[in-house]
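Work through the exercises below with the sequence and the 3D structure at hand. Each task is followed by a solution in steps.

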Amino acid sequence: MNLRKKAVLAAGTLLRRDFRAIAGAFGGGERGGLAVLNDRLVKARRLLPEYDAACAAALKGSGALASMEDFRRLPLMGRAELAAYSGRGALASLKSGGTGSAGHVETRLDTGAVAARYAALLAVLETAGWRMGDKTAALHPREYAFFENLPARLAAGKFGGALFEFFQQYLLYRLVHNRKNVYYGGGIFSSPEAALALAEAAASERPVLLITRPDALMAVLRALRGRALPGFDRLKAVLTVGTALGDTVRAEAQERLGAEAFNMYASTELGYVALSCPRSNGWLHADQAGHILERAGDGELVCTDLDNALAPVLRYRTGDIGELAEGACACGTRGPLLKFRGRKDRFTDAAGGRLYEAELIDRVFGTGLPFFQLDAASSSILLPPGAGEKEAAAVREALGLLPGAYGAVGAGNLKISASGKFCFLP
Ligand SMILES: [Zn+2]
């Protein structure tokens, strides 16, 4: 074991006794059980009066959970509950990206939860074949650049947050992990030249691991089509997180970049929830030790983070649609599996099929169409500059859109979220 890893494990163990177990394998450690759930529930009810009243009604006056059936009776939490927690005692207060109109939500974590998340991240990276100190390139939207955000944070008096992120980005990731952030702007989704420049900047780092959102990966792969690869000669794996990943994108990344592709389901609110394996074929292994995943009647994923003792996240509506399955993966691991299909937004095709973003991507990614968006608010197909009715017609055909839907065309005004995310269904 290398020295950096030894030092990190030793430091982590000072923060959490089970740090090594969590870092040792994704889904490792033992953090659940009714006692833990009851502890989180007591805390949440004490801090959130409205939630407390809803729990009392759901549990018919009983204060504690006697079984997992009781747990499944608890009211669902949403962003309002998370926003109602006070910020006291948090080591880290993380602001989510906020896709589309959903807005930001802050997640407050104490030291134990931060340590659990960091240990889980180490397990994720090692599953992807990375070893401590291996060169990593992480593609980041400019909106996340530390020094870009620093003046506003300091002006708002958020010194603790700024210091925490400086530690994370520059001391831990840069120096200890050997990770280099490569920043991009929203232009990569409308300009192939900008996407190619991003691909070249990432390749020039000669990374062993590439971490990226699926949206930026799509832009990079599209820009590289029909060209000689600009390097990536040492690349072993691509790790994606943050938006829906189509199977077609995963396949093209593996073939084109010669690297194994790993997809992760994670969020600011919940941490690292699920991770694919090379045999799982679009499904992801759920982290059974630290999370409880459920599926609401409409297909929405509902998730509990067992590690958050400060501002408990219990049966939280994720706003994401997915499938859950129980059983054995081809790799031999048993346990819950997740297939993430996209945000709740969907479109309907002419055959009446309700499709989410992952399926939309698979219908268009291989076609060579430019990036576009189906904007339900204006019933328009939004396109990059220079594209017009001809491209819109090709989009309609590729997707088999409902006749009359998305009739209008808007050029040059792709909507990029405040966190720099591109979604086909903004
Ligand atoms: Zn597997």
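**Exercise 1. Arg31**

Task: find which backbone oxygen the side chain of Arg31 reaches, and decide whether Arg31 is buried or exposed.

Solution. 
Step 1. The side chain of Arg31 comes to 2.9 Å from the backbone oxygen of Gly28. The model is predicted: local features need pLDDT of at least 70, side-chain atom pairs count only at pLDDT 80 or more, and totals for chains, interfaces and linings use all residues. Residues are numbered from 1 along each chain as its sequence is written, and side-chain values use heavy atoms, with hydrogens and water left out.
Step 2. The side chains of Arg31 and Asp307 make a polar contact of 2.7 Å. A polar contact is a pair of N or O atoms within 3.5 Å; within protein, one must be able to donate a hydrogen and the other to accept it, and residues adjacent in sequence count only if both atoms are side-chain atoms.
Step 3. Helices (H or I, at least four residues) and strands (E, at least two) are DSSP runs, numbered from the N terminus.
Step 4. Arg31 counts as buried because its relative accessibility is 6%; buried means under 20% relative accessible area, exposed over 50%, and partly exposed in between (1.4 Å probe, protein chains only).
Step 5. Not counting residues up to four places away in sequence, Arg31 touches residues including Arg16, Asp287 and Leu306, where contact means heavy atoms within 4.5 Å.

**Exercise 2. A three-stranded sheet**

Task: in what order do the strands of the open sheet lie, and which helix lies across them?

Solution. 
Step 1. The order of the 3 strands is β16-β17-β18, with mixed pairing. Two strands pair if DSSP finds at least two bridges between them.
Step 2. β16 (373–375) and β18 (408–411) are at the edges with a single partner strand each, so one side of each has no neighbour in the sheet.
Step 3. From one strand to the next, the twist averages 30 degrees.
Step 4. β17 (residues 380–383) and β18 run parallel and are joined by 4 bridges; Ser380 has Ala408 in β18 as its bridge partner.
Step 5. Helix α14 (residues 389–399) lies across β16, β17 and β18, at about 120 degrees to β17. Axes are lines fitted to C-alpha atoms, for helices over the stretch in contact, and angles run from 0 to 180 degrees between N-to-C directions.
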